[in-house]
Amino acid sequence: MKTLLQIFPMFADVTKIANNDYVGFTFFVGCMAMMAASAFFFLSMNNFDRKWRTSILVSGLITFIAAVHYWYMRDYWSGVGESPTFFRYVDWVLTVPLMCVEFYLILKVAGAKKSLMWKLIAASVIMLVTGYFGEAVYRDNAAFWGLLSGLAYFYIVYEIWLGSAKKLAVQAGGATLEAHKMLCWFVLVGWAIYPLGYMAGTPGWYDGLAGLGLNMDVIYNIGDAVNKIGFGLVVYGAAVAAQSAENK
């Protein structure tokens, strides 16, 4: 009979986390939190009708992809002792566009077109690619690449707060509008933690942040867990509210 370690060989070579390794601890907690969120979203899918099921599925995919990456990044941090920048951006380039897809999915009821989805996805990819260039490739020009990344971010903010996405949300009303508002706040406030992490880990006119003792990985890890799980819970709450309204 196979042992647990034979079934799940990934757990055979677990690196011990030092008691004072707060970065490794946040990687581990982030991984477990997002894996638990994934199980919750996947197992709750059948509780909703077809129009919300895809949104719940995407929420589960976002946290599952992140959990897998976080498991690897924790091991990378423990073994190498360096920030896993490349793998973090691989995670983001998969999960952030999916978070943008959530806006399209919840706004389909109001007639959202795929062009909205692709605009948000394109802006998110530009935001991430330029951010990676500044953080890992052209660090001497980190402020310039950070500016380009910021412009793409503010385009997303504009589109969902004031642009066509906002108009569609108002048109839909009810649970859809409330969910849209909450997701907008996550993008405006929750995603703001990423520029802080970027500035804490790159040189530029903002070098004073380094003196505050901010750790880039801790900032990113906390931001990821809150934003990705929070995004999914907002969508889940909207699905519950919409289904309850329909059953009345």
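User: In this predicted model, which hand does the crossing of H4 and H8 have?

Analyst: The crossing of H4 and H8 is left-handed. The contact behind it divides into seven nonpolar, two polar and no charged residues.

User: What makes H4 roughly antiparallel to H8?

Analyst: Helix H4 (residues 85-107) and helix H8 (residues 174-190) pack at an angle of about 165°, their axes lying 10 Å apart. Angles over 145 degrees count as roughly antiparallel, and H4 is therefore roughly antiparallel to H8.

User: Which residues in H4 meet which residues in H8?

Analyst: From H4 come Phe103, Ile106 and Leu107; from H8 come Thr176, Ala179, His180, Leu183, Cys184 and Val187. Contact here means heavy atoms within 4.5 Å.

User: What lines the largest pocket, and which residues lie nearest its centre?

Analyst: The largest pocket, with about 550 Å³ of space, is lined by 24 residues, and Gly146, Ser149, Gly150, Pro195 and Tyr198 lie nearest its centre. Two or more lining residues come from each of H4, helix H5 (114-137), helix H6 (142-161) and helix H9 (193-201). H6 gives the most, with nine residues. The lining has 20 nonpolar, four polar and no charged residues.

User: How many residues lining the second largest pocket are charged, and why do they count as such?

Analyst: Three are charged, beside four nonpolar and two polar. Arg50, Lys51 and Lys108 are among the lining residues, and they count as charged because Lys and Arg belong to that class. This pocket has a volume of about 150 Å³, and H3 gives the most to its lining, with five residues.

How values were computed: Residues numbered from 1 in each chain as written. Predicted model: local features only at pLDDT ≥ 70, side-chain atom pairs only at ≥ 80, totals over all residues. Heavy atoms only, no water. Axes fitted to C-alpha atoms, helices over the stretch in contact; angles between N-to-C directions. Helix = DSSP H or I, 4+ residues; strand = E, 2+ residues; numbered from the N terminus. Parallel < 35°, antiparallel > 145°, perpendicular 65-115°, else oblique. Left-handed = near helix turned anticlockwise from the far one by under 90°. 1 Å grid on protein atoms, 1.4 Å probe; cavity = no way out; pocket = protein on both sides within 12 Å on 5 of 7 lines; lining within 4 Å. Points joined across faces, edges and corners; volume = space filled by probe spheres on them.
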